[in-house]
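Me: I have a structure open and would like to go through part of it. Can you help me read it?
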Amino acid sequence: MPTVSMTVNGKAVSGDVEGRTLLVDFLREDLRLTGTHVGCDTSQCGACVVHVNGEAVKACTMFAAEADGAEVGTIEGQANADGSLNVIQQAFQDHHGLQCGFCTPGMVMSAAALLKENPKPSEAEVREYLEGNICRCTGYHNIVKAIMAASGQDVAIAAE
Amino acid sequence: MYAFEIERPASIADAASAMKTDEAQALGGGQTLIPTLKQRLAMPSVLVSLTGIGEMKGVCMSDAGEVCIGGATTHATVAREAAAHYPGLAGLASRIGDPAVRNRGTIGGSLANNDPAACYPAAALGSGATIITNSRSIAADDYFQGMFTTALEEGEIITEVRFPVPEKSHYQKFVQPASRFALVGVFVAKYADGVRVAVTGASEEGVHRWTEAENALSGNFSADAISELSVSADGMISDLHGSPEYRAHLVKVMTGRAVSAAS
C-alpha cells in the first residue's frame, strides 16, 4: 500500500492507505480524529467538511492519496492554543447554534472557510455558503446567528 | 468501492501514458466519480488523478480573445478568475453544487462526464467552445453526443477548454434543491454573428441547442422575441421532480429570464 504524508492541524502525519481510502476514513480510522463526521457519505450533507490547503472540501468525497503533501485542517485544530473555544465555536455555544451536534463540525469548518474569504458576510451570503451543510435538527436560524456574531455583526438581522 | 490504485501524474504526458493501462479511469475532482465508485457502478483498475497537473490548471486569455481554462481547474477558481473576462461563465461556475463541491469539482471532469443535468455542458455548447484534449481539438457542437456520451475516445483527457467571449450572456438555472443540479438550465450567449441558446437538464438527449430561439433572438435580442415560440415535451426527461411538459415549459421561461438578465 502506498504511504501518504500530510500535515493535519499543523502536525506532520503519515500512514499506509489503499487507493480507495477516503480522506475522512484516514482521519477518523488511522489518525483517530473522530470529530470529522460522516453523515450521508454521498457529499450532500457536509458533516465531513475539512480544510485542504485552506479550502473547504468534503472529506468523504476525496481520496486520502489526493491529500498527499497537503495541509489539512479539522475541527480538532479549531480551538485556541490554550484549549479555549475559538470565536466561531464560542459563538455557536452562545447562540445555541447546535442541537444534536452531529452536523456541527462541518458547520464550523464551513463557517471558518466563509469568514476567511468574506469576513463580513450578509445573512443571505451565510445561508448561501451553507447550502452544502445540512442540519437535520433544522437549527439553521441559530447557526446563521452564530456565524453573524462570530463575524462581529449584529445577530438581530439573522433573526428576521 | 472495489479496490484500485491511484496514480498522481504531474504532467499531461505522464497522465496520457498512465491512461493506457487496461481499465484506467481519469479522476478529476471526483465529485461525481467517487459517489459512483461507492455504489460500485464502476470498477477501474487504476484512477489517474489529474488534479496534480499544474499545466492543466488556471484561467487565461488567448491572443484570439478566448477565455482558456485548464481541464483540471476547479469551479471555484473559474468563478473567481473568469469573472473579469466572461461574467456569464463565471456566474454559472459560482452556482454549481455547493462551496465545498466547487473547491474540488473540475470543468474537465464535468464535460467528460456530460451529465444531462450538469451546468458546464450548457456553457460549452452555448458558447461554441472548443474542447482541447491531449490529442486533438473538438468543437462543442461535435462533442456532446447524448446523455453521458461524448466524442472522447478511450483514454483521452480534456486538457483545456476555450470559450469565445460573447457580447452578452447569462445562465438561468432552475435548481433541483436536493441535488443542486439543474432541473432545467439555459445558457444564452449573444455574439456578433448570432445568438446561441443551450439547454441542460431537460432532454433525454442531454445538453442541446434550441435553434428556433436562437433564430428569433438573433433578429431581436429580447424576451419578447420568443414569446410566440413553444417547446415540445417530446423527448423531455420525466422523473419525480418534473414531468416532460413542466420541463418544456421551464425551457422557455428560463430562456426568457436569461435574455432579460444578460449583460
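Reply: Start with a bridge: B:Thr130 has B:Arg162, in β8(B), as its partner. Helices (H or I, at least four residues) and strands (E, at least two) are DSSP runs, numbered from the N terminus. The model is predicted, with local features needing pLDDT of at least 70 and side-chain atom pairs pLDDT 80 or more, while totals for chains, interfaces and linings use all residues. Residues are numbered from 1 along each chain as its sequence is written, and chains are lettered from A and ligands numbered from 1 in the order in which they are written.

Me: What joins strand β6 of chain B to β8(B)?
Reply: Four bridges, with β6 (residues 130–133) and β8(B) running antiparallel. Strands count as paired if DSSP finds at least two bridges between them.

Me: And which residue in β8(B) is the bridge partner of B:Cys68?
Reply: B:Arg162. Strand β5 (residues 66–70) of chain B pairs with β8(B) in the antiparallel sense, over five bridges.

Me: Is β8 of chain B mostly covered or mostly uncovered?
Reply: Mostly covered: five of the seven residues in β8 (residues 158–164) are buried. Buried is 20 or more other C-beta atoms within 10 Å of the residue's own, exposed is 12 or fewer, and partly exposed is in between, with C-beta atoms placed from the backbone.

Me: New topic. How many residues of chain B are in contact with chain A?
Reply: 22 residues of chain B, against 20 residues of chain A. Contact means C-beta atoms, placed from the backbone, within 7 Å.

Me: Which elements of chain B give two or more residues to that side?
Reply: β1 (5–7), α2 (33–38), β3 (46–49) and α5 (99–102).

Technical notes: Contact = placed C-beta atoms within 7 Å.
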